[in-house]
Amino acid sequence: MLKQRWQLAWHFYRQASLQQRLLTWVQGILLVFILTLSQTSASIQAYLAQNLDQLLGADVVLSQAMPLSDTQQTALAGMSSQIVLTQSLELTFTHQQQWQTGLLKAVAADYPLQGELRSSLDPSGSDTSSSRGPMPGEIWLDARLFSSLALQIGDILSLGTSELMVSRILQHEPDRLMQGHSVQMRALVHRQHLAQLQRPGDRIQHRYLVAASKAQIAQIRDWQQQFLPAAELYHKQGAHPLALFWQRTENVLGLASIVLFFMAAIALQQLSRLQRQREHFFTAVCLSLGASRPTSLQIAIGKWLFGVLGMLPLALIFAMACHWLLVDWLAHTFTDLHWRFNPSLALQTVAACMLVFMLFQLPLWFSLQQACVRQLIQPSPQPMHQGLFLLSAFGALSAIAAYYSDNLLLTGMVLLALLSCIGLLLLLSWLLLTAGEKLSQSFSGLLPFVLYMMKQRLMSKSTQILGTGLAAFLLLFTLMLLKDLGNSMTLYQRQHDGNLLVSQATSAQMADIEAWAAAQNIAIRQQKPFLYAKLTQINGVALAQTQHKPSDSLASFNQPIRMHWTAQLPDNNRLSAGEWWPAGTANWQQLSLEQEVMTDLGLKLGDRLGFVIEQQQVDFILNASHVYQSGVGAITFWVQVPPAILQHVQAPRYSMASLELTAAQFSQLSALWQKHPSLRMVSLQELTARFDRILALVTTVISGFVVFISLLAALVIVISVHAVESQERKKNSVILSFGLSKGTCLKLNLLEWLITGAIAGCGAIAATWLAGSLIYQSQFALPYQPNFIWLLATLLILLSVVTALGFAVSQRSLRASVRQLMQE
Amino acid sequence: MAYHLKSRIELCGVSQTFSQNAQQVQLFQDLTLTIAQGHSYAITGPSGSGKSSLLMLLSGLAQPSTGQGYWLENDSRRPLAGLAKEIGYIFQQFHLLPELTALHNVALPLKLRGVKHAEQLAKSWLDKVGLGHRLQHKPAQLSGGEQQRTAIARALVFSPKFIFADEPTGNLDSQNAQDIADLLFACCEEQGAGLVIVTHSELLAARAEQIFNLAQGHCQLRQSKLQEVYRA
């Protein structure tokens with residue numbers, strides 16, 4: 001019996017209608033996107049796990065700014081078979097008039113502990129394995145640093161007081177895991193030179209590469225948590241430091257896929273009316289022939305199932321191709337990342353997607369229970385169906401949001417941005433069509449008629465406008481807003497902060513900068529002091545145990561952060577909660593935290609935050625929260641404390657500062673760097689270049705996403721046209737029956753699509769402007785000044801594309817005639 | 001209206017054939033017929049005899065397989081395709097646009113032609129067909145009879161010279177059918193429009209000035225209250 005029903009379902013599936021095919025397309029696009037996302041993410045996570053295994057260069061790596069004390073060194077030695085120390089310092093290398101910021105790593109004869117150190121005599125030459133690092137008096141530079149300083153093998157490079165000979169090109173360090181994702185240039189020297197180079201206040205990162213068994217790893221972990229909570233520890237059984245970052249990336253993209261599912265919901269809502277008519281008719285006929293309801297329900301489910309299973313191979317092939325392209329692109333960032341398809345994950349993804357698709361189909365299947373023979377005689381609307389559809393769509397979207405949500409703030413922001421855009425597009429559609437219809441009511445002609453008809457079909461028109469408007473919004477948001485953001489940031493920063501930012505200077509370095517600036521007649525625009533502190537506990541609980549979800553703030557708090565002391569609330573900050581301390585307060589164990597960080601870490605006023613400052617554990621009460629506001633400089637700090645801290649905590653003090661230099665003065669900087677190689681200064685040009693690199697990455701990712709959105713938008717247009725095709729054809733036939741020509745129908749159609757495109761375009765631009773203003777205001781407190789020529793050009797392009805596509809897919813409805821009306 | 005000012009439709013020796021399953025099927029052959037503005041005509045015949053096809057030939061919507069169709073006016077003879085703007089249609093299924101109110105359905109042809117005060121004119125026509133109280137109702141809220149009244153108002157509102165009605169009472173009960181027939185004939189007479197009705201209803205056909213019967217490929221005049229000449 002069941003077999004017969006499945007055979008029937010198969011028979012009807014093979015006679016698939018256009019609706020069935022469109023439904024398959026919508027589901028297929030969603031499946032390709034989710035499969036690509038999950039497979040790519042799995043590839044990266046697998047790569048990171050492998051990377052951790054191969055590039056740790058040790059069984060355990062312990063890293064902190066301070067060297068281990070003798071006692072700590074002895075304790076660690078007791079839990080391991082060998083320890084190798086590497087030290088690194090970020091500094092500026094200078095050679096003649098060239099300079100370049102990079103990381104100097106110092107090692108001794110015992111390096112490397114595990115793995116291969118590879119070097120060559122030529123930047124592009126073949127590399128060889130070296131059993132040890134550079135000898136005293138030598139320096140090895142990586143190929144990029146080597147060429148950016150225009151060096152030759154055998155040249156002498158001055159670092160502070162040391163004169164080092166460039167003897168080899170550094171090709172590979174076996175313990176580069178921690179820098180695996182960084183593009184920072186690097187050099188390797190013997191440890192004795194770092195000691196000569198070091199100046200008071202220089203922050204040298206000490207990394208202990210430890211050989212240990214599994215049991216010893218566990219022992220070291222416990223020991224570190226107890227005695228060195230501020231240190232970072234990585235081990236082969238643990239998670240890659242980048243794993244959370246990529247989890248976050250997947251989650252953001254997953255959340256963004258709500259847009260895709262939302263558009264799919266629009267498309268399916270349009271389709272459901274036609275599907276319901278067909279299925280109800282079929283069920284009613286079956287019932288009139290004596291079949292039972294379960295039979296027709298099983299046939300309907302069978303048809304859907306065959307549709308999904310039928311498109312599965314194609315969706316898998318497309319997803320694999322997209323996955324391959326993405327891995328190929330990501331291989332620039334992760335060398336040795338290889339394409340690998342994960343069948344079990346694919347199976348899970350397909351199953352999860354099918355569940356969501358089923359949720360969308362549920363209202364239709366449910367409504368079949370209400371189908372009866374009476375409907376063959378007297379069709380009646382079923383309002384319950386729409387309510388159930390909305391409920392199902394809401395359920396499906398909520399499930400996706402819940403699955404990908406790791407941060408309430410981020411989820412809230414993404415959903416709010418989407419809802420605002422949707423709300424705006426709907427409001428605009430309603431407002432413009434209503435106003436257009438009202439104003440043109442007393443006029444005759446094609447335009448008033450089109451406006452009237454569009455207003456009457458507000459529901460289906462709104463979905464077309466929503467589909468195209470959302471796609472256009474995302475496209476505009478990516479390409480235009482980020483570009484404008486970059487330009488405004490650069491301009492703003494230059495106006496307020498000059499073109500050179502000192503990101504870390506010791507007291508001695510700052511004194512020399514001041515002297516140099518005075519000599520060059522340069523005003524120092526801003527200068528703010530800070531010390532380094534590492535957050536270790538929240539309300540007495542270790543940080544790692546309080547935070548289980550990835551966040552940007554957590555990623556930063558895994559490293560020591562800059563703690564600023566100040567009596568008054570800085571001019572570029574605004575108090576958002578709590579109370580700022582009175583000037584001269586003796587209560588130094590209180591702090592103010594950036595509001596966004598508080599939200600990210602789930603903190604509230606009154607929480608106790610434990611920091612380690614220069615090996616001293618200090619607790620602070622969270623008494624205030626601040627937000628950044630523009631206008632008086634961009635240097636701001638997440639954590640601010642009263643100046644009284646200086647009387648209780650002994651730690652190196654640093655400064656951040658900003659200056660405005662002329663082009664000629666930039667070349668004078670070499671003198672400062674030669675004297676202070678560890679002085680961290682970055683030019684606006686470099687900052688802009690970094691921003692542009694990030695922008696390029698973000699734009700590529702979102703552009704890929706927009707391809708999926710555009711596909712779905714096109715499908716939404718096709719489906720929405722298909723959904724009203726019979727009404728549209730009838731309308732055209734009736735118009736022809738008034739003696740009007742096909743040209744009139746053509747003009748009406750063109751006008752309708754032009755209005756649809758114009759509303760969608762205006763909505764998208766308005767939404768982009770709104771989002772832009774909000775982001776500028778909330779994040780940078782800047783006025784958003786879009787480029788109107790660009791906007792107009794975008795609107796025209798959008799208008800042409802939507803009109804052309806809409807017009808093309810409406811051709812079937814234009815094949816109308818009075819004959820058809822007579823034949824009905 | 002003086003006869004020489006009236007428009008006429010002439011079919012001269014027309015035949016209509018079509019292909020079905022690789023076979024040529026002949027609906028009718030060598031048919032000559034004249035329809036004059038201001039008079040009423042009924043075409044009857046069994047299902048499949050080609051009544052609707054004849055209606056389409058008369059209205060210029062279809063081209064005959066052989067023979068010619070003309071529109072004659074002011075002593076000029078023009079192809080039937082040029083008649084399109086002078087014709088109104090009434091269908092068995094009414095074919096009102098479901099999104100529009102009765103008023104807007106009737107105003108539609110006027111608005112599309114750019115006629116000023118379209119809604120006022122439409123309102124007066126709805127008053128005329130007895131639907132002055134249903135102006136803002138959509139087709140789904142109207143009965144079958146009311147829908148057909150609206151369709152009649154819509155067909156006549158732009159003063160066409162001919163009205164072609166395909167089974168206009170086919171979907172109505174006998175009382176409604178009678179009322180609609182009264183209305184249709186009265187309105188056409190008042191407007192001086194030629195009325196061509198395709199129907200199975202003998203009662204409706206009997207109200208026309210001439211009745212043609214189409215059967216087995218031939219069209220015969222069954223009854224005439226006119227002094228017109230036809231050849232079949």
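1. A term for the strands comes first: two strands are said to pair if DSSP finds at least two bridges between them. Helices (H or I, at least four residues) and strands (E, at least two) are DSSP runs, numbered from the N terminus. In β9(A), I139(A) has V189(A) as its bridge partner.

2. On provenance, this is a predicted model, in which local features need pLDDT of at least 70 and side-chain atom pairs count only at pLDDT 80 or more, while totals for chains, interfaces and linings use all residues. Residues are numbered from 1 along each chain as its sequence is written, chains are lettered from A and ligands numbered from 1 in the order in which they are written, and side-chain values use heavy atoms, with hydrogens and water left out.

3. Strand β9 of chain A (residues 186-190) has pairing on record with two strands. With strand β3 (residues 98-107) of chain A, β9(A) pairs in the parallel sense over five bridges; here A106(A) stands opposite V189(A). With strand β6 (residues 138-142) of chain A, β9(A) runs antiparallel, joined by three bridges.

4. Is β9(A) buried or exposed? Buried means under 20% relative accessible area, exposed over 50%, and partly exposed in between (1.4 Å probe, protein chains only). Five of the five residues of β9(A) are buried, so the strand is largely enclosed by the rest of the structure. Both faces are covered: R186(A), L188(A) and H190(A) lie on one side, A187(A) and V189(A) on the other, and all are buried.

5. Turning to charge pairs, a salt bridge here is a side-chain nitrogen of Lys or Arg within 4 Å of a carboxyl oxygen of Asp or Glu. Over all chains, the search of the whole structure finds 23 salt bridges. One of them joins R680(A) to E90(A), with the closest N and O atoms 3.8 Å apart. R680(A) lies in strand β22 (residues 680-683) of chain A and E90(A) in strand β2 (residues 82-95) of chain A, so this pair ties together parts that are 590 residues apart in sequence. E90(A) is partly exposed, at 24% relative accessibility.

6. Also in chain A, R118(A) forms a salt bridge with E116(A), and the closest N and O atoms are 2.9 Å apart. Both ends are partly exposed: R118(A) has a relative accessible area of 23%, and E116(A) is at 40%.

7. Chain B has six helices and ten strands. Of its 232 residues, 55% count as buried. Taking contact to mean heavy atoms within 4.5 Å, 67% of the contacts in chain B between residues at least 6 apart in sequence join residues at least 24 apart.

8. Strand β1 (residues 8-20) of chain B is joined to strand β2 (residues 23-36) of chain B by ten bridges, and the two run antiparallel. Within this pair, S19(B) stands opposite Q24(B). The hairpin has two residues between the strands, and N21(B) takes a positive phi near 50°. β1(B) is also joined to strand β4 (residues 66-73) of chain B, antiparallel, by six bridges, with I9(B) partnered by W71(B).

9. What does E10(B) form a salt bridge with? The partner is R77(B), the closest N and O atoms being 3.4 Å apart. E10(B) lies in β1(B) and R77(B) in strand β5 (residues 76-79) of chain B, so the pair ties together parts that are 67 residues apart in sequence. E10(B) is buried, at 13% relative accessibility, whereas R77(B) is partly exposed, at 48%. Elsewhere, E73(B), R78(B), E86(B) and K161(B) are linked in a network of salt bridges.

10. At the interface, 25 residues of chain A are in contact with 33 residues of chain B. The rule finds zero salt bridges across it.
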